[in-house]
Structure formats: structure tokens, C-alpha cells
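Here is a short briefing for a first look. Keep the sequence and the structure in view as you read.

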Amino acid sequence: MAVIDTYRLQSSPIAYMPSIIAWAINGCAFPEDRPTLFDYVSSVFPTVPRAAVEQLLTKAVPYTVEGDAVVFSVEATAPAMPELTCRKCDAVNPLVYFAPMTIEAKGTCVCFDCAKARQWLDANGDLRPDIQL
Ligand SMILES: [Zn+2]
């Protein structure tokens, strides 16, 4: 399920964010100016991930103005999938696998090909109930 993070870019007494963000979005019409604008907004709001700033300024996500703050939401970047290595053939991250065991983003599994080669699968390609991995 997607996780949505919402950010508020609050105005300061010297910087009215709705105007600044509108200006930065307009500036992003020029691709060569984008890195500078991303850097600028990221430096003003160091707690907002740069990827979120980029989505806001390139209009990938909409925003609203609440009072003097700019509010927008982005889908949180998914945590990296653990790397799984087949315990039988050392294949890395097989598409189909069984019995994953993971410790701190590193893990092992048995890949589909190895399970099939050992006749551990039923006609549907599921692990036979009598097989314990
Ligand atoms: Zn394997």
C-alpha cells in the first residue's frame, strides 16, 4: 500500500511561500534552471526530501495554499527491497521464490527454478504442502 507523506512549506516573515513556490514552478518551465530551483527550495526546507521538492516544482503533484503555507503530498519512496539470494543456486533476487528468510535487508530464499528442479511444486507452481524449506 502506498504511503503518502504530506509537507507544509510555511511562510516566514520575509518569504511568502505561495508566491515563491509559484515563481519556482514557473521557473521549472526552463529545464536548465530546474537544478538551481530544486537546490534553492531544498535549502530553505532541509527537512523536505529533495525528491518531494522536485515533484512539487515540476507539477507532478498538486498543492494547496493553507493560510500562508504551501501544502502538498507525495507518495513516500518505498523502502528498498531486501536482497534475496537463492540458497541452492545463488541466484540474486529471483522473480519467484519460496521460503524467504531476511535479516537486516539481506536474505535467502529458494528460487522457483530450484524448487521446480527438485519437484517441490504442485501442478499450480505452488510449494507442495509436504515440503518444508
Ligand atoms: Zn535457485
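Is Trp-23 buried or exposed? Trp-23 has 51% relative accessibility, so this residue counts as exposed; the cut-off for exposed is over 50%. Keep in mind that the model is predicted.

**Aromatic pairs**

- The count of aromatic pairs is three.
- One of them joins Tyr-7 and Phe-72: the ring centres are 5.6 Å apart and the planes meet at 40°, so this pair is tilted.
- Tyr-7 belongs to strand E1 (residues 4-10) and Phe-72 to strand E3 (residues 69-75), so the pair ties together parts 65 residues apart in sequence.
- Tyr-7 and Phe-72 are both buried.
- Trp-23 also pairs with Tyr-40, edge-to-face, at 6.1 Å centre to centre and 90° between the planes.
- This pair links distant parts of the chain, 17 residues apart: Trp-23 is in helix H1 (residues 17-27) and Tyr-40 is in helix H2 (residues 34-44).
- Tyr-40 has 35% relative accessibility, so Tyr-40 counts as partly exposed.

**A charge over a ring**

- Arg-118 places its charged end over the ring of Trp-120, 5.9 Å from the ring centre.

**The zinc site**

- Four protein donors hold positions 2.2 to 2.3 Å from the zinc ion: Cys-86 (SG), Cys-89 (SG), Cys-111 (SG) and Cys-114 (SG).
- Along the chain, these donors follow the spacing C-x2-C-x21-C-x2-C.
- The angles between the four donor atoms run from 104 to 114°, so the arrangement around the zinc ion is tetrahedral.
- For four tetrahedral donors, the ideal angle at a metal is 109.5 degrees.

Technical notes: Residues numbered from 1 in each chain as written. Predicted model: local features only at pLDDT ≥ 70, side-chain atom pairs only at ≥ 80, totals over all residues. Heavy atoms only, no water. Phe/Tyr/Trp six-rings, centres within 6.5 Å; stacked < 30°, edge-to-face > 60°. Helix = DSSP H or I, 4+ residues; strand = E, 2+ residues; numbered from the N terminus. Buried < 20%, exposed > 50% of the residue type's maximum accessible area, 1.4 Å probe, protein only. Lys NZ or Arg CZ within 6 Å of the ring centre and 35° of its normal. Donors = N, O, S within 2.8 Å, 3.2 Å for Na, K, Ca; no water. Tetrahedral: all angles 85-135°; square planar, octahedral: opposite > 155°, others 65-115°.
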